[in-house]
Amino acid sequence: MRWSRYYIPTLKEAPADAEVVSHRLLVRAGMIRRLTAGIYAYLPMGLRALSKVEAVVREEMNRAGAAELLLPAVQPADLWKESGRWTQYGRELLRFKDRHESDCCLGPTHEEVITGLLRGELRSYRQLPLILYQIQTKFRDEIRPRFGLMRGREFIMKDAYSFDKDDAGASASYAAMFDAYTRIFRRLGLRFRAVEADSGAIGGNFSHEFMIPAGTGEDVIAACASCDYAANNERAETARPPHREEREPPPMRETATPGVKTVADLAEFLHIPPSGIVKTLVLEADGKPVAVLVRGDHEVNEIKVKKLLGADVVRQASPEQVEAWCGAPAGFVGPVGLDAPVLADHALWEREGWVCGARAQDRHLVDVSLARDAGIRDFADLRAAGPGAACPRCGGRLEFIRGIEAGHVFKLGLKYSKAMNAVFLDKNGREQHLVMGCYGIGVSRVVAACIEQNHDARGICFPPPMAPFAVHLVLLDRQSREAAAQAEKIYAELCAGGYEVLFDDRNERAGVKLNDADLIGLPAQIIVGAKSLGRGAVEAKDRRNDRREDLSLAGFAEEFGIFWESVRKGWGLTGSAV
């Protein structure tokens with residue numbers, strides 16, 4: 001493709017609203033333009049990058065035995081009301097009425113639609129297993145869209161859905177999709193990690209996120225340095241203390257703590273570490289109170305509380321609710337004598353002799369035994385994992401890194417098939433509910449995540465499988481007949497060799513062309529200029545590491561093939577794909 005006939009509106013400056021590297025570079029490289037908050041147009045270069053991702057996704061989904069279809073973007077409310085998500089999903093679901101006053105929404109995901117479609121089609125166990133997928137535009141009305149393609153309202157997604165006759169079959173489908181995702185991200189040249197995750201609004205009882213490590217990632221990943229355990233910070237398990245201190249504390253006593261408002265204040269006032277304090281957090285779970293106990297230096301993980309209770313909504317109680325439910329002001333609530341369900345984190349199992357609120361203003365209890373004084377004998381994993389925490393699998397240390405969620409696989413079980421009565425006949429002629437899974441990849445987010453992971457001060461460094469073109473051919477001086485003739489010859493040779501080439505044939509200054517080449521970040525650059533031509537060669541540059549070498553004009557095709565293979569190997573890719 002000749003630049004002079006293409007549309008690549010590069011910019012010297014990034015827009016003021018661009019907060020992260022990928023947003024700045026995608027706009028500057030002429031790949032996207034903002035239409036309105038969280039909604040972008042994909043310009044030709046950006047669309048080519050998206051198409052490269054889609055091609056790899058399609059190949060691996062087909063290889064895994066999935067079949068592609070395309071579902072409507074506009075969805076009737078009736079299906080969402082059947083599943084219970086019409087109100088549960090929240091304001092991110094863009095709802096509207098059509099001319100017949102029927103409630104509809106723009107699809108943020110398609111569990112309801114695919115279940116509604118197939119519940120009348122899949123009638124026999126002989127039709128199972130089945131995996132269907134689509135690549136389609138989704139819409140989620142984010143309250144604060146930001147970071148360009150990383151958190152937009154409109155985005156491109158691959159979503160797949162599996163249907164099986166039993167849990168064993170569903171596990172096999174899940175494993176097939178997990179393996180397909182692993183191949184997809186490896187083929188795209190990305191560094192990634194599959195982590196255990198919370199299922200969120202999609203539902204189900206088991207899921208993994210495919211995270212792209214990047215400093216600007218919105219998610220925190222807990223990963224063990226000694227084994228393969230990794231989890232999203234919302235789901236990261238904490239290890240139960242290996243030993244319990246068998247010591248009966250002295251009788252509980254009350255002490256005045258005037259002016260003390262925080263754990264840090266209390267620790268300083270009593271000359272004890274925060275780890276010796278029990279923090280009592282009052283939460284509202286489906287409209288009812290629950291008290292959660294954690295160590296003073298730990299934080300409650302509300303996702304874990306929600307899962308343990310099987311609740312739909314868990315949130316922090318207001319100060320008015322705390323006082324009404326517990327008979328004490330917020331900050332002084334404790335478990336002793338509390339007339340509300342109490343859950344205790346398993347870090348508190350380690351010993352007795354705690355300090356906690358006395359359920360009275362400016363008063364605390366000292367030498368509290370949770371078993372003796374509060375009747376607590378059961379403990380669960382309820383806290384957020386923190387730096388230095390022990391790995392729940394091997395006991396090693398957890399490390400915390402930032403990442404971008406690029407893919408998510410869910411084991412849905414019977415969540416949608418039961419709610420929407422999607423059944424089949426088993427081999428005995430009895431009705432059974434379909435066992436489902438769903439699997440998403442944010443195609444447009446993958447492009448942004450790739451740039452967050454692969455860039456330098458000059459611009460993007462695209463891995464070969466995702467690059468809009470493989471080779472950037474730069475003619476430095478269009479007025480030189482010799483240089484122009486050699487560039488045309490090289491362009492023809494590369495195209496004949498099957499390489500996708502962007503030929504910068506503009507009548508621009510050399511500096512502008514070289515800066516644009518680095519900004520766009522195609523994997524290989526071929527620079528045709530007077531200096532190298534004087535040596536009977538052209539310069540080849542590996543954009544990722546700035547490695548340069550001369551390729552002779554006489555043996556250009558063969559020498560470039562060797563150079564291109566070295567570029568691919570630098571990305572950990574093998575084979576001679578162009």
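**Reading backbone angles and helix packing**

Analyst: Asn-421 lies in the loop that runs between helix H11 (415–419) and strand S21 (423–425), where helices (H or I, at least four residues) and strands (E, at least two) are DSSP runs numbered from the N terminus. This is a predicted model, in which local features need pLDDT of at least 70, side-chain atom pairs count only at pLDDT 80 or more, and totals for chains, interfaces and linings use all residues. Residues are numbered from 1 along each chain as its sequence is written, and side-chain values use heavy atoms, with hydrogens and water left out.

User: What is the phi of Asn-421?

Analyst: Most residues other than glycine have a negative phi, and most peptide bonds are trans. Asn-421 has a positive value, near 55 degrees, although the residue is not glycine. Glu-101 is another non-glycine residue with positive phi, near 65 degrees, and its place is in the loop between strand S5 (95–97) and strand S6 (103–106).

User: Is Glu-101 buried or exposed?

Analyst: Glu-101 is exposed, its relative accessible area being 56% (buried is under 20%, exposed over 50%, partly exposed in between, with a 1.4 Å probe and protein chains only). Across the protein chain, 51% of the 578 residues count as buried.

User: Which residues does the cis peptide bond join?

Analyst: The cis bond joins Leu-128 and Pro-129, with omega about 5 degrees. Pro-129 belongs to the loop between helix H5 (111–118) and strand S7 (130–139).

User: At what angle do helix H2 and helix H12 pack?

Analyst: Two packed helices are described by the angle between their axes and the distance between the axes. Here helix H2 (residues 44–63) and helix H12 (residues 443–453) pack at about 110 degrees, and their axes are 9 Å apart (axes are fitted to C-alpha atoms over the stretch in contact, and angles run from 0 to 180 degrees between N-to-C directions). H2 is therefore roughly perpendicular to H12 (65 to 115 degrees; under 35 is roughly parallel, over 145 roughly antiparallel, the rest oblique). On the H2 side, Ala-49, Leu-50, Val-53 and Glu-54 make the contact, while H12 contributes Val-443, Ser-444, Val-446 and Val-447 (contact means heavy atoms within 4.5 Å).

User: Which residues is Tyr-181 in contact with, leaving aside its neighbours within four places in sequence?

Analyst: With those neighbours set aside, the partners of Tyr-181 include Met-61, Lys-158, Phe-210, His-408 and Tyr-439. For the protein chain, residues 24 or more positions apart account for 69% of the contacts with a separation of 6 or more.
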